[in-house]
Amino acid sequence: MIYSMTGFGKAQKEIQDLQIKVEVKSLNSKFTDLFCRLPKSLSAREIEVRNYLTQQLERGKIELSLTMQKASETVSASLLPEKHIEELFSELKRVAKQVGVESVNETALYLHALSMPNTIQAEQTQETEEEVEALWQSIFEIIQEATQECKAFRLREGNVVEEKFKEYIAAIKLGLDAVKEQDLIRMPNIRERMKKSLLDLGLNEDFDQNRFEQEVVYYIEKFDISEEKVRLATHLEYFLEVLKEGNGKKLNFMAQEIGREINTIGSKANDSHIQRIVVNMKDELEKIKEQTANVL
């Protein structure tokens with residue numbers, strides 16, 4: 001089972017008179033890169049949130065956004081103390097007449113009353129420590145819900161990627177089988193090419209056969225890819241085993257090892273048909289490397 005580092009989750013709930021909404025997003029990254037967007041009233045809880053996200057999502061570029069707003073749109077009306085404003089406005093008009101102001105601009109006086117200190121006051125609520133903690137626990141449950149949804153999203157993406165990995169490995173295995181088939185006729189072809197080259201140089205059939213066979217053995221050893229074929233087959237099988245573990249870093253390492261063997265086969269084969277097979281194998285391997293960068 002593997003997890004993708006790409007994920008998204010959200011959750012929302014109404015608590016008391018607050019509408020709480022949480023979104024958790026994650027993208028691929030080599031390391032854990034966390035960003036939490038919390039209201040100022042919850043800034044003291046950021047470390048707790050970051051620790052939870054790190055524990056649950058482990059790695060990636062992770063972003064959490066938490067918003068709180070009043071559930072009722074009419075609540076804001078209570079923030080204007082109408083009676084107090086009315087008293088200030090009347091007092092300002094009285095003082096203006098008392099000091100002899102002949103023409104009073106009532107609109108200006110009203111705006112002045114609004115701008116006076118303590119005119120507009122936020123609703124003050126006295127909450128006990130137990131109430132504050134209970135509210136936070138409810139908010140944290142919403143964070144947990146959004147995070148678990150993000151993990152489920154990652155798992156679904158991981159299942160898709162896992163099937164893709166199996167397809168790519170199967171394609172490379174087919175390429176390796178084709179290399180093995182071509183390798184059976186490659187060495188006799190090399191021997192014939194060497195013999196033809198000697199004849200083209202004007203040598204007769206009676207050249208030193210022993211020396212010729214020594215040279216053939218030398219080139220056979222130089223172009224031999226038997227070890228590379230065995231190692232590549234082993235790496236492909238081990239990649240599928242690691243796939244069950246779901247370790248993205250180890251999958252990336254195995255992809256590098258597979259690439260090393262494919263490159264060696266291509267460089268040592270000295271065969272145009274095998275070179276074409278190697279190119280196709282490399283193409284499948286590049287697809288694997290792209291996906292391993294996004295696996296947890």
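Buried means under 20% relative accessible area, exposed over 50%, and partly exposed in between, taken with a 1.4 Å probe and protein chains only. With that in hand, I started at N294, which counts as buried because its relative accessibility is 16%.

**Ground rules**

I am working on a predicted model, in which local features need pLDDT of at least 70, side-chain atom pairs count only at pLDDT 80 or more, and totals for chains, interfaces and linings use all residues. Residues are numbered from 1 along each chain as its sequence is written, and side-chain values use heavy atoms, with hydrogens and water left out.

**Entry 1: N294**

I found N294 in the segment after helix 8. Helices here are DSSP runs of H or I with at least four residues, strands are runs of E with at least two, and both are numbered from the N terminus. I then listed what N294 touches, with contact meaning heavy atoms within 4.5 Å. Leaving out residues up to four places away in sequence, its partners are Y3, S4, M5, T6 and N28.

Next I looked for polar contacts, meaning a pair of N or O atoms within 3.5 Å; within protein, one must be able to donate a hydrogen and the other to accept it, and residues adjacent in sequence count only if both atoms are side-chain atoms. The side chain of N294 makes one with the side chain of S4, at 3.0 Å. Another, of 3.1 Å, links the side chains of N294 and T6.

**Entry 2: the whole chain**

I counted 8 helices and 4 strands. Along the sequence they come in the order β-β-β-α-β-α-α-α-α-α-α-α. Of the 296 residues, 34% count as buried. Among contacts with a separation of 6 or more, 78% are between residues 24 or more positions apart.

I took strands to pair if DSSP finds at least two bridges between them. Strand 1 (residues 7–15) and strand 2 (residues 18–27) run antiparallel to each other, with 9 bridges.

For helix lengths I used an expected span of 1.5 Å times one less than the number of residues. Helix 1 has 12 residues and reaches 16 Å from first C-alpha to last, close to the expected 16 Å. Its buried residues are V49, Y52, L53, Q56 and L57. They cover an arc of only 100° around the axis, which puts them on the same side of helix 1; the arc is that of the directions from the helix axis to the C-beta atoms. I47 and Q55 are exposed on the other side of helix 1.

E58 sits in the loop between helix 1 (46–57) and strand 4 (60–70). Its phi is positive, near 65°, in a residue other than glycine. E58 is partly exposed, with a relative accessible area of 47%.

**Entry 3: helix 8**

The 21 residues of helix 8 (residues 272–292) should span 30 Å, and the end C-alpha atoms are 30 Å apart, which agrees. I listed I274, I277, V278, M281, E284, L285, I288 and T292 as buried. They fall within an arc of 125° seen down the axis, so they line one face of helix 8. On the other side of helix 8, S272, R276, V279, N280 and E290 are exposed. The N-terminal end of helix 8 is capped by D271, with a side-chain oxygen 3.0 Å from the backbone nitrogen of H273.

**Entry 4: the cores**

A nonpolar core is a set of buried Ala, Val, Leu, Ile, Met, Phe, Trp, Tyr and Cys residues joined through side-chain atoms within 4.5 Å. The largest has 28 residues, and F165, L232, F239, I258, I262 and I288 have the most contacts inside it. Helix 4 (129–200), helix 6 (226–245), helix 7 (248–269) and helix 8 each supply at least two of its residues. Apart from this core lies another, of 25 residues, including C36, V49, L66 and W136.

I also checked I258, which touches I169, L232, H235, L236, F239 and L285, not counting residues up to four places away in sequence.

**Entry 5: R260**

My last stop was R260, in helix 7. R260 counts as partly exposed because its relative accessibility is 43%. Its side chain and that of E257 are joined by a polar contact of 2.5 Å.
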